[in-house]
Amino acid sequence: GSDGESSHSSVALSASSANDNVALTLTATLVGWDAKEKIDVTLVFGDGSTVAWGSVSTNAGGIASLQLTHTGLASGVYGVIATGSAGGKASTALTVK
């Protein structure tokens, strides 16, 4: 969000858990970002490694949604981090069972 203030920026997933080793499709809903802000979404693995998972630009209201897909993840807890071009940052967890 505004001026690097991240307390109002959020990312939420359409599901907070998924089954292991099967293809998954989630929708990330991004709220509270700056208007027309570019948001990069990153998947964080348990060992700390990351992979870019997509990017999207928000609308005039600072809202966006992004479809995230993966061919299959091992069981564990993953981080999903959204980082905005204006300095905002938000994260959530994805549990794979």
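**Reading strands, charges and core in a predicted model**

Modeller: Let us open with a pair of charges: the side chains of Lys38 and Asp40 form a salt bridge, 2.6 Å from N to O. The model is predicted, so local features need pLDDT of at least 70 and side-chain atom pairs count only at pLDDT 80 or more, while totals for chains, interfaces and linings use all residues. Residues are numbered from 1 along each chain as its sequence is written, and side-chain values use heavy atoms, with hydrogens and water left out.

Colleague: How many salt bridges does the structure hold?

Modeller: The general idea is that side chains of opposite charge can pair when their charged atoms come close. The term here requires a side-chain nitrogen of Lys or Arg within 4 Å of a carboxyl oxygen of Asp or Glu. By that rule the structure holds one salt bridge. Both partners are partly exposed: Lys38 has 39% relative accessibility, and Asp40 has a relative accessible area of 33%. Buried means under 20% relative accessible area, exposed over 50%, and partly exposed in between, with a 1.4 Å probe and protein chains only.

Colleague: And Glu37: is this residue buried or exposed?

Modeller: Glu37 is buried, yet has no salt bridge. The nearest side chain of opposite charge is Lys38, 10 Å away; Lys and Arg count as positive, Asp and Glu as negative, and His and the chain ends are not counted. Glu37 sits in the loop between β3 (24-31) and β4 (38-44). A polar atom of the Glu37 side chain lies 2.8 Å from the backbone nitrogen of Asp34.

Colleague: How should I read the sheet, and in what order do its five strands come?

Modeller: Strands of a sheet pair through backbone hydrogen bonds, either parallel or antiparallel. Strands here are DSSP runs of E, at least two residues long and numbered from the N terminus, and two of them pair if DSSP finds at least two bridges between them. The five strands make an open sheet in the order β2-β8-β7-β4-β5, with mixed pairing. Its edge strands are β2 (17-18) and β5 (50-57), each pairing on one side only. Inside this sheet, β7 (residues 76-84) and β8 (residues 89-96) run antiparallel and are joined by eight bridges.

Colleague: Which strands does β3 pair with in the antiparallel sense?

Modeller: One partner is β1 (residues 10-13), antiparallel to β3 over four bridges; there, Ala12 has Thr29 as its bridge partner. Another is β6 (residues 64-70), joined to β3 by seven bridges and also antiparallel, with Leu30 opposite Ala64.

Colleague: Which residues of β3 make up its covered face?

Modeller: In a regular strand the side chains alternate between the two faces of the sheet. On β3, the covered face carries Leu24, Leu26, Ala28 and Leu30, and the uncovered one Thr25, Thr27, Thr29 and Val31.

Colleague: Which residues have the most contacts inside the largest nonpolar core?

Modeller: In soluble globular proteins, nonpolar side chains tend to be buried together. A nonpolar core is a set of buried Ala, Val, Leu, Ile, Met, Phe, Trp, Tyr and Cys residues joined through side-chain atoms within 4.5 Å. The largest one here has 23 residues, and Leu30, Val41, Trp53 and Leu94 have the most contacts inside it. Two or more residues come from each of β1, β3, β4, β5, β6, β7 and β8, and the largest share, four residues, is from β3.

Colleague: How many aromatic pairs does the structure hold?

Modeller: Rings of Phe, Tyr and Trp (its six-membered ring) pair if their centres lie within 6.5 Å; planes under 30 degrees apart count as stacked, over 60 as edge-to-face and the rest as tilted. There is one aromatic pair. Phe45 is in the loop between β4 and β5 and Tyr78 in strand β7, so the pair ties together parts 33 residues apart in sequence. Tyr78 is buried at 7% relative accessibility, whereas Phe45 is partly exposed at 25%.

Colleague: What is the phi of Asn21, and what is that of Lys36?

Modeller: Most residues other than glycine have a negative phi. Asn21, in the loop between β2 and β3, has a positive phi of about 55°. Lys36, in the loop between β3 and β4, has a positive phi near 60°. Both are exposed, Asn21 at 55% relative accessibility and Lys36 at 62%.

Definitions and conventions: Polar contact = N/O pair within 3.5 Å; in protein donor to acceptor, adjacent residues only side chain to side chain.
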